Amino acid sequence: LDRPIPAPRCRSSCCKPAAECARVQMSSEDLPAVLLEPSWAFPGDVPAEPGALGASFDMPSGPSGSGGFTLCARLRRAAGELAGGRVLQRGEPPNGWIFQAPSDVGGVIAFAAGAREAAEPQGPPAEGEAPVPRGEHDVGRTRLDDGEWHHIAVAYRGGVLSAFVDGRPDGEAKLEVTAALGSELLVGAPLGADGSSASAGGLADVQAYAQGLSDEQIAGLASGSRDLPTGIPLVLKPDWIVQFWKGRIQGKTEAEWQVAEVRKEVEDALELGQDAARRFQDEVLCSFVLELLAHAQQTCLTARKTSVFVGIMWNIFATMHGRSETTVRVGEPKGVSECFLEYKRLLMAHTCIAAGESAGALGIFSLPDVRQLTEFVSGTLFQHFVLYQSVLVCPQEANVKQVEVSFEAPRAPPDLRRGKLRV
């Protein structure tokens with residue numbers, strides 16, 4: 001009872017108290033778009049009658065301007081289709097909000113909420129854009145009824161609602177948005193007069209974030225970029241890993257998640273199997289990633305960290321094909337020491353230490369994570385590096401070497417008849 005209570009540790013099992021290790025937990029403002037996790041999402045196409053979704057998501061509560069949010073979706077509307085397409089709604093303004101696209105009047109992004117102040121002049125329309133009339137709640141300026149798919153988004157930051165089309169800023173307005181307590185979340189457009197729905201086949205991948213995302217993050221969501229600022233692409237996104245864990249690995253033994261159906265799912269996600277000549281090599285890569293996914297799930301590694309680490313190891317496999325700079329033989333592939341140095345560089349560039357010391361680094365992993373993951377790759381890839389290199393980099397059915405060797409004729413032994421007996 002006399003012992004002091006220890007200070008709480010950070011959630012990533014770091015060696016420092018939480019008060020001293022804030023940089024371990026990256027803020028959402030620093031994350032690239034590919035690592036963002038929505039607060040609520042409706043993946044895939046929105047059906048004609050999705051129904052009410054209960055209290056799935058609402059705006060962060062608080063005074064106007066204190067709670068930011070971001071709503072986005074992919075939309076396609078043809079000219080002359082049902083106007084006033086609803087993307088998301090909860091409650092009725094002013095005691096609620098409606099995210100609408102295209103709007104009834106201008107065919108642009110619209111948002112209905114509480115009181116609205118006059119927006120700043122947006123200047124003349126950009127090249128290729130026709131001027132459109134501004135309705136009471138129109139925020140955007142680009143017409144969306146052209147029959148093409150568009151990524152649309154609205155971000156509420158500091159009391160200002162900004163609209164985005166295909167990742168580009170498209171207008172803004174000052175609005176007061178309040179939470180709609182007691183109302184259900186609605187997605188998709190209501191039925192039209194002829195019984196059709198504007199959302200049928202034309203609305204997909206609706207997402208909501210409980211913070212106002214930056215312009216760069218919204219542009220990344222629109223483009224679907226998988227690249228990190230550190231220079232590596234994510235071959236498996238965090239949301240895919242979460243769904244894979246829930247549907248495949250959760251509660252199953254190693255033999256159960258090595259079945260052909262599970263392997264095929266991983267191969268498709270990694271885009272393997274496209275070259276029939278490298279079928280065996282693809283199976284080796286798939287087995288390594290499967291083992292890594294199972295290890296990460298068993299050690300409670302988050303989907304975000306797992307996604308980044310898979311990207312790092314995918315980069316190491318590509319590095320193995322590079323030409324060595326240390327071997328004396330010209331054309332030799334990179335050896336184990338060169339690949340391990342590259343692994344060390346990439347892993348440290350994604351740690352909490354590097355995030356505070358170098359620009360472009362990401363604080364994804366804590367030091368315990370680094371030790372745990374390094375133990376895994378040391379016992380798998382680097383312990384059997386020559387075998388992996390022989391299979392992935394220098395595959396061959398047989399290795400036949402022909403060498404010409406010449407021997408001198410042996411000298412004849414001495415004539416025993418001329419020998420003398422020694423006693």
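**Strands, pocket and loops of a predicted model**

The model is a predicted one, in which local features need pLDDT of at least 70 and side-chain atom pairs count only at pLDDT 80 or more, while totals for chains, interfaces and linings use all residues. Residues are numbered from 1 along each chain as its sequence is written, and side-chain values use heavy atoms, with hydrogens and water left out.

Strand β7 covers residues 149–157 and strand β8 covers residues 160–165, and the two pair in the antiparallel sense over 6 bridges. Here strands (E, at least two residues) and helices (H or I, at least four) are DSSP runs numbered from the N terminus, and two strands pair if DSSP finds at least two bridges between them. Strands of a sheet pair through backbone hydrogen bonds, either parallel or antiparallel. In the hairpin of β7 and β8, which has 2 residues between the strands, Gly158 takes a positive phi near 60 degrees. β7 also pairs with β2 in the antiparallel sense, over 8 bridges, and in that pairing the bridge partner of Leu75 is His150 in β7. Because 7 of its 9 residues are buried, β7 is largely enclosed by the rest of the structure; buried means under 20% relative accessible area, exposed means over 50%, and partly exposed lies in between (1.4 Å probe, protein chains only).

Beyond β8, Asp166 lies in the loop between β8 and β9. Asp166 has a positive phi of about 55 degrees although it is not a glycine, and it is partly exposed, with a relative accessible area of 30%. Another residue other than glycine with a positive phi, near 60 degrees, is Glu271, which lies in the loop between α3 and α4 and is exposed at 58% relative accessible area.

Elsewhere, an open sheet of 4 strands runs in the order β5-β4-β3-β10 with antiparallel pairing. Its edge strands are β5 (110–112) and β10 (185–187), each of which pairs on one side only. Strand β3 pairs with β10 over 3 bridges, and within this part of the sheet Arg90 stands opposite Leu185 in β10. In the loop between β4 and β5 is found Pro102, which a cis peptide bond joins to Ala101, with omega about -5 degrees. Gly85, in the loop between β2 and β3, counts as buried because its relative accessibility is 0%. Gly85 and Gly202 are 117 residues apart in sequence and 9.7 Å apart in space, C-alpha to C-alpha.

The largest pocket has a volume of about 900 Å³. Of the 32 residues that line it, the closest to its centre are Pro38, Gln207, Lys237, Asp239 and Trp240. A pocket is here an open set of points on a 1 Å grid over the protein atoms alone, where a 1.4 Å probe fits, with protein on both sides within 12 Å along at least five of seven lines, and lining residues have an atom within 4 Å of a point; grid points are joined across faces, edges and corners, and the volume is the space filled by probe spheres set on the points. α2 gives the most to this lining, with 6 residues.

Finally, the structure holds 0 disulfides, a disulfide being a pair of cysteine sulfur atoms within 2.5 Å. Cys339 counts as buried at 0% relative accessibility, whereas Cys300 counts as exposed at 70%.
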